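Hi,

Here is the structure I promised to pass on. Have a look at it first, and then read my notes below.

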Amino acid sequence: QVQLQESGPGLVKPSQTLSLTCTVSGGSITTNYYYWSWIRQPPGKGLEWMGAIAYEGSNYDSPSLKSRTSISRDTSKNQFSLQLSSVTPEDTAIYYCVSFKNGLGYVEYWGQGTQVTVSS
């Protein structure tokens, strides 16, 4: 069973860069046709897809966040990471790392989520 676990600071100051890492166990991030993604949910709002990195390393960006996000991976550690620059209090949210298989139509695996608050 694939498991995902987010890690990173729970509090980030405005204008700084938010950095989160997702550690994957029970499966490889290079498994064919799987995509590894970040989703967030601000308080009182719906889920927002932030971008993804594919099994072969290609990146897929959210048009609304493209200028501020970077998703990378470390295959030796079976991890993928999110960096979100120039954060504001509007970036306060629960951040989830997730995974899905191309063509499946739904997210197959979810991390438990991590609360990130942007505040001075």
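β1 and strand β3 (residues 18–25) pair in the antiparallel sense, over 5 bridges. Strands here are DSSP runs of E at least two residues long, and helices are runs of H or I of at least four, all numbered from the N terminus; two strands pair if DSSP finds at least two bridges between them. One spot to look up is serine 7, which has threonine 21 in β3 as its bridge partner. The pair belongs to an open sheet of 4 strands with antiparallel pairing, in the order β1-β3-β8-β7. At the edges sit β1 and β7, each of which pairs on one side only. From one strand to the next, the twist averages 20° (axes are lines fitted to C-alpha atoms, for helices over the stretch in contact, and angles run from 0 to 180 degrees between N-to-C directions).

Before you go further, two notes on where this comes from. This is a predicted model, so local features need pLDDT of at least 70 and side-chain atom pairs count only at pLDDT 80 or more, while totals for chains, interfaces and linings use all residues. Residues are numbered from 1 along each chain as its sequence is written, and side-chain values use heavy atoms, with hydrogens and water left out.

Glutamate 6

Strand β1 (residues 3–7) also holds glutamate 6. Is this residue buried or exposed? Glutamate 6 counts as buried because its relative accessibility is 5% (buried means under 20% relative accessible area, exposed over 50%, partly exposed in between, with a 1.4 Å probe and protein chains only). Leaving out residues up to four places away in sequence, glutamate 6 touches a list of residues that includes Thr21, Cys22, Trp38, Cys97 and Gly113; contact means heavy atoms within 4.5 Å. Tryptophan 110 is 104 residues away from glutamate 6 along the chain, yet their C-alpha atoms are separated by 9.9 Å.

Salt bridges

How many salt bridges does a search of the whole structure find? There are 3, a salt bridge being a side-chain nitrogen of Lys or Arg within 4 Å of a carboxyl oxygen of Asp or Glu. Arginine 40 makes one with glutamate 48, with the closest N and O atoms 2.7 Å apart. Arginine 40 is buried, at a relative accessible area of 5%, whereas glutamate 48 counts as partly exposed at 22%.

Arginine 40 also bridges to aspartate 91, where the closest N and O atoms are 2.8 Å apart. That pair links distant parts of the chain: arginine 40 is in strand β4 and aspartate 91 in the loop between β8 and β9 (93–101), 51 residues apart. Aspartate 91 counts as buried, at 2% relative accessibility.

Aspartate 91 meets arginine 68 as well, in a salt bridge of 2.9 Å, N to O. Here the partners are 23 residues apart, with arginine 68 in the loop between β6 and β7. Arginine 68 is partly exposed, with a relative accessible area of 21%. Through shared partners, the salt bridges join Arg40, Glu48, Arg68 and Asp91 into one network.

Aromatic rings

The structure holds 8 aromatic pairs. Rings of Phe, Tyr and Trp (its six-membered ring) pair if their centres lie within 6.5 Å; planes under 30 degrees apart count as stacked, over 60 as edge-to-face and the rest as tilted. Tyrosine 34 and tryptophan 36 make a tilted pair, 6.3 Å centre to centre with 35° between the planes. Tryptophan 36 also pairs with phenylalanine 80: the ring centres are 5.9 Å apart and the planes are at 55°, so this pair is tilted. Why does the pair tie together parts that are 44 residues apart in sequence? Because tryptophan 36 lies in strand β4 (residues 34–41) and phenylalanine 80 in strand β8 (residues 79–84). Tryptophan 36 is buried at 2% relative accessible area, and phenylalanine 80 is buried at 0%.

Elsewhere, ring pairs link Tyr33, Tyr35, Tyr55, Tyr60 and Phe100 into a cluster.

Cheers
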